[in-house]
Amino acid sequence: MDVIVNSTQEELEHPGAIILDYHKCMRWAKEVMTRPDYTMEPDVIPLTMLVFDDMEIKEDTWKTMGEGVLHLMARIDMTLTLRTGHSIVWRNPETSIYPKYHANIVDLMVEMGMFSKETGGLNVSNSVMS
């Protein structure tokens, strides 16, 4: 899986890639993740709590959290759901997230394998950053 993170002001072209932006993630959160028959990927809540490290997010309370939490949970869930064989672009992952949590998004990306923990750099086999 290639994950491309794009937080620039430019609209970069990513032919054939699945673009995950704020609006697509919010639709996923509201229309898919809230269905009674939908099972969220099991790592979504722990991975979300890496970013929102001072919040308690639980199975029975996440639906009442703010848009920043819902948006990020949906972004993680979609990435984990679509991970095989697709290039995925995370466009502006910081959207709707309070600035104090922005730095924690990098921790999330490291945990998800987008960066190498050993070298502190990009894990080229798993991701491309533009």
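The accessible surface of the chain comes to about 7200 Å², and carbon and sulfur atoms hold 53% of that area; the areas come from the Shrake-Rupley method with a 1.4 Å probe, and for residues only the protein chains shown count as cover. The model is predicted: local features need pLDDT of at least 70, side-chain atom pairs count only at pLDDT 80 or more, and totals for chains, interfaces and linings use all residues. Residues are numbered from 1 along each chain as its sequence is written, and side-chain values use heavy atoms, with hydrogens and water left out.

Of the 130 residues in the chain, 43% are buried, where buried means under 20% relative accessible area, exposed over 50%, and partly exposed in between (1.4 Å probe, protein chains only). The chain has 4 helices and 4 strands, which follow the order β-β-α-α-α-β-α-β from the N terminus. These elements are DSSP runs numbered from the N terminus, helices being H or I of at least four residues and strands E of at least two. Among contacts with a separation of 6 or more, 70% join residues 24 or more positions apart; contact means heavy atoms within 4.5 Å.

The whole structure contains 2 aromatic pairs, a pair being rings of Phe, Tyr and Trp (its six-membered ring) with centres within 6.5 Å, counted as stacked if the planes are under 30 degrees apart, edge-to-face if over 60 and tilted for the rest. In one of these pairs, the ring centres of Trp28 and Tyr38 are 6.1 Å apart and the planes stand at 90°, so the arrangement is edge-to-face. Because Trp28 belongs to helix α1 (residues 22-31) and Tyr38 to the loop between α1 and α2 (44-51), the pair ties together parts that are 10 residues apart in sequence. Both Trp28 and Tyr38 are buried.

Ala74 is buried, with 0% relative accessibility. Leaving aside neighbours within four places in sequence, Ala74 is in contact with Cys25, Trp28, Ala29 and Met33. The C-alpha atoms of Ala74 and Lys24 are 8.8 Å apart, although 50 residues separate the two in sequence. Elsewhere, Arg75 lies over the face of Trp90, 5.6 Å from the ring centre; this requires NZ of Lys or CZ of Arg within 6 Å of the ring centre and within 35 degrees of the ring normal.

Helix α2 carries Thr48, a buried residue with a relative accessible area of 0%. Beyond its neighbours within four places in sequence, Thr48 is in contact with Ile57, Val69, Leu72, Met73 and Ile76.

Helix α2 also packs with helix α4 (residues 102-111), at an angle of about 145° and with the axes 7 Å apart. Axes are lines fitted to C-alpha atoms, for helices over the stretch in contact, and angles run from 0 to 180 degrees between N-to-C directions. Leu47, Leu50 and Val51 of α2 meet Asn104, Ile105, Asp107, Leu108 and Glu111 of α4.

The loop between β3 (87-91) and α4 holds Thr95. Thr95 is partly exposed, with a relative accessible area of 29%. Apart from neighbours within four places in sequence, Thr95 is in contact with Tyr22 and His71.
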